[in-house]
Amino acid sequence: MQSMLWDGQSLSLLNQTKLPAVVEYLKCTDYERIGEAIKKLEVRGAPAIGAAAAFAFVLGARQATKSDRLLFLQDMESVDGFLRSTRPTAVNLFWALDQMMNVIKEQFDLIELPNLLNLLEQKALFIAAEDKRVNHTMAEFGAALFKEPVSILTHCNAGALATVEWGTALGVIRQAFSEGNIKRVFADETRPLLQGARLTAFELQQDHIPVTLITDNMAGWVMKNKMVDAVIVGADRIAANGDTANKIGTYSVALLARMHQIPFYVAAPASTFDFSMATGEQIPIEERGEFEVTHFQGIQSAPYGIAVFNPAFDVTPNQYITGIITEYGVLKPNYQEEIKQLKDKMEENR
């Protein structure tokens, strides 16, 4: 089951708000619909959001004015701005859009518009293909951390549904399972939108990987009873010092893991690092609507008129992270120096 499918004319997105009860693909023929899907979490997960935005950019270019090159450029700046406004925390969104805008900046004065449109599509296809490759490479590095069968706890969904294919945290788990080193996965339910219950448990069950679903407030007791050997989560943005933003509740899991002396790993592609942000204090945290908290499956479950605080993410300080798994290897403390070296490697590979 793939999170997205590009047919050359439209992008079909697996509607993750309907899973696991209904498998539905949304056929998006314009960039606005993809932007709406990103806002509504119909497509979600930092790498998947980035790839979807790249294809949205292609559709936006096809919708843009072709009769005047300057008007085309203005239209594309508008498309870029709209897509950047959809979700503020996942840096892969901005990374992918930077890649697409760079194609225009580098080629705009050199080639005709039809050829430019073709280059934009090729870039979007490359971003999607690269995500698949990166996830598989990252999975191999992560799986190598486990030399014997272990039980893993994970939070939210960082699997194939959150990427183009395979997954980040779940990619590591898939690889380790194929090597015989996963006994069981504990999937946090992940309030308030239940990505762990609806998506992670669903993915692992489909792959016949032993999975046990728990509510978020059971994680500490599961650790206390020595049922968990390690934690692996994904990330939406990583600062230059290794502070990591991920789905709300991740910070609590990291504190519990430290208390119980359990290694806590983050799995994320290099595109998730934001080198412009010195620490996690600078990471913008998306706040979502009160409906997600006051209602459960569309039914009011809280008092009418109650005040609601609904941050979608939290930030885990680097001192609680045992290692950051990337396609370049596993980064270890001291993260500031390790991430600086990662940046240098990325620049060498451009």
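User: What volume does the largest cavity have?

Analyst: The largest cavity has a volume of about 200 Å³. A word on the source: this is a predicted model, in which local features need pLDDT of at least 70 and side-chain atom pairs count only at pLDDT 80 or more, while totals for chains, interfaces and linings use all residues. Residues are numbered from 1 along each chain as its sequence is written, and side-chain values use heavy atoms, with hydrogens and water left out.

User: What counts as a cavity, and what as a pocket?

Analyst: On a 1 Å grid over the protein atoms alone, a cavity is a set of points where a 1.4 Å probe fits but cannot get out. A pocket is an open set with protein on both sides within 12 Å along at least five of seven lines. Lining residues have an atom within 4 Å of a point. Grid points are joined across faces, edges and corners, and a volume is the space filled by probe spheres set on the points.

User: How many cavities of 30 Å³ or more are there?

Analyst: There are two cavities of 30 Å³ or more by this rule. The largest cavity is lined by 21 residues, and the closest to its centre are Arg44, Gly45, Ala46, Asn157 and Asp236. Helix H2 (46–63) and strand S9 (244–247) are the elements that give two or more residues to this lining. Helices (H or I, at least four residues) and strands (E, at least two) are DSSP runs, numbered from the N terminus.

User: Which classes of residue line the largest cavity?

Analyst: Its lining has 10 nonpolar, seven polar and four charged residues. Here Ala, Val, Leu, Ile, Met, Phe, Trp, Tyr, Cys and Pro count as nonpolar, Asp, Glu, Lys and Arg as charged, and the others, Gly among them, as polar.

User: And what is the volume of the second largest cavity?

Analyst: The second largest cavity has a volume of about 70 Å³. Among the residues that line it are Leu41, Arg191, Pro192 and Leu193.

User: Where does Pro192 lie?

Analyst: Pro192 lies in the loop between strand S5 (182–188) and helix H7 (195–206). The peptide bond joining Arg191 and Pro192 is cis, with omega of about 0°. Thr190 is in the loop between S5 and H7 as well, and its phi is near 70°, a positive value in a residue other than glycine.

User: Is Thr190 buried or exposed?

Analyst: Thr190 is buried, with a relative accessible area of 0%. Buried means under 20% relative accessible area, exposed over 50%, and partly exposed in between (1.4 Å probe, protein chains only). Gln297 also has a positive phi, near 50°, but Gln297 is exposed, with a relative accessible area of 70%.

User: How many residues does the largest nonpolar core have?

Analyst: It has 47 residues, and those with the most contacts inside it are Met4, Leu13, Ile34, Phe57, Phe72 and Leu120. A nonpolar core is a set of buried Ala, Val, Leu, Ile, Met, Phe, Trp, Tyr and Cys residues joined through side-chain atoms within 4.5 Å. H2 gives the most to this core, with 13 residues.

User: What is Leu120 in contact with?

Analyst: Leaving aside its neighbours within four places in sequence, Leu120 is in contact (heavy atoms within 4.5 Å) with Phe57, Val58, Ala61, Met100, Val103 and Ile104. A second, separate core of 27 residues includes Leu153, Ala219, Phe273 and Ile339.

User: One last topic: why is helix H6 largely enclosed by the rest of the structure?

Analyst: Eight of the 10 residues of helix H6 (residues 169–178) are buried, so the helix is largely enclosed. Leu170, Val172 and Ile173 are among the buried ones. Just after H6, Gly180 takes a positive phi of about 85°.
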